[in-house]
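Me: I would like to learn how to read a few features of a structure. Could we take them one by one?

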Amino acid sequence: MSIEFDNNLPIYLQIMNHIKRQIVTGILQAGDKIPSVRELAAELQINPNTVQRALQELEREGIVETKRGLGRFVTSEESKIMMIKKEMAGELLSHFINGMQELGFEDHDIVSIVADAVTKNEESQNKEGMDRG
């Protein structure tokens, strides 16, 4: 695991976000074991207390669960994982919409631009698929 730390956000939050991203993208699956505090601290070259705080917060949120004597594991609740995915999507959309509005676009313009981009993306993916086939 490698994280480029941002000085504007507490490190424990960045660790939490990184682990959440690994979960929603499938790098970490439901029920997978999370590396120990020591392993993560050594890998990320940060204080174990910071890693401990991140994992405790993830556990408090129900994203990670501790099995006594075995360690911490990604929740097996698919609904919790879907909730994280929707939260992350919401944050991305909010940031995007705010940025577009700052550029002077109205809501209907933003919807039109996104629809065009999705169509172009689908067309390019279909073309790539045909080129390979």
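This is a predicted model: local features need pLDDT of at least 70, side-chain atom pairs count only at pLDDT 80 or more; totals for chains, interfaces and linings use all residues.

Me: How is a pair of packed helices described?

Reply: Two numbers are used in general: the angle between the two axes and the distance between them. Here, take helix α1 (residues 11-24) and helix α3 (residues 48-60): their axes come within 8 Å and cross at roughly 55 degrees. That angle makes α1 oblique to α3, and the crossing is right-handed.

Me: Which residues of α1 and α3 meet?

Reply: On the α1 side they are Ile 11, Tyr 12, Ile 15, Met 16, Ile 19 and Lys 20; on the α3 side they are Thr 50, Val 51, Arg 53, Ala 54, Leu 55, Glu 57 and Leu 58. By class, the residues of this contact divide into nine nonpolar, one polar and three charged.

Me: Is Gln 14 buried or exposed?

Reply: The test is the relative accessible area, with under 20% counting as buried. Gln 14 has 7%, so it is buried. This residue belongs to α1. Leaving aside neighbours within four places in sequence, Gln 14 is in contact with Ile 3, Glu 4, Phe 5, Asp 6 and Leu 9.

Me: What does Met 88 contact beyond its sequence neighbours?

Reply: Met 88 sits in helix α4 (residues 78-102). Outside the four places on either side in sequence, its contacts are Asn 17, Lys 20, Arg 21 and Val 24. For Arg 21, 67 residues apart from Met 88 along the chain, the C-alpha separation is 8.3 Å. Met 88 is buried because its relative accessible area is 16%, and the limit is 20%.

Me: How should I read a pair of strands?

Reply: As a general idea, side chains in a regular strand alternate between the two faces of the sheet. In this model, strand β1 (residues 64-67) and strand β2 (residues 71-74) run antiparallel and are joined by four bridges. Thr 66 stands opposite Arg 72 in β2.

Me: Which residue other than glycine has a positive phi?

Reply: Gln 45 is one, with phi near 55 degrees. Gln 45 lies in the loop between α2 (37-44) and α3. Its relative accessible area is 72%, so Gln 45 is exposed, the cut-off for that class being over 50%.

Key
Residues are numbered from 1 along each chain as its sequence is written. Side-chain values use heavy atoms; hydrogens and water are left out. Helices (H or I, at least four residues) and strands (E, at least two) are DSSP runs, numbered from the N terminus. Buried means under 20% relative accessible area, exposed over 50%, partly exposed in between (1.4 Å probe, protein chains only). Contact means heavy atoms within 4.5 Å. Axes are lines fitted to C-alpha atoms, for helices over the stretch in contact, and angles run from 0 to 180 degrees between N-to-C directions. Angles under 35 degrees count as roughly parallel, over 145 as roughly antiparallel, 65 to 115 as roughly perpendicular and the rest as oblique. A crossing is left-handed if the near helix is turned anticlockwise from the far one by less than a right angle, and right-handed if clockwise. Ala, Val, Leu, Ile, Met, Phe, Trp, Tyr, Cys and Pro count as nonpolar, Asp, Glu, Lys and Arg as charged, and the others, Gly among them, as polar. Two strands pair if DSSP finds at least two bridges between them.
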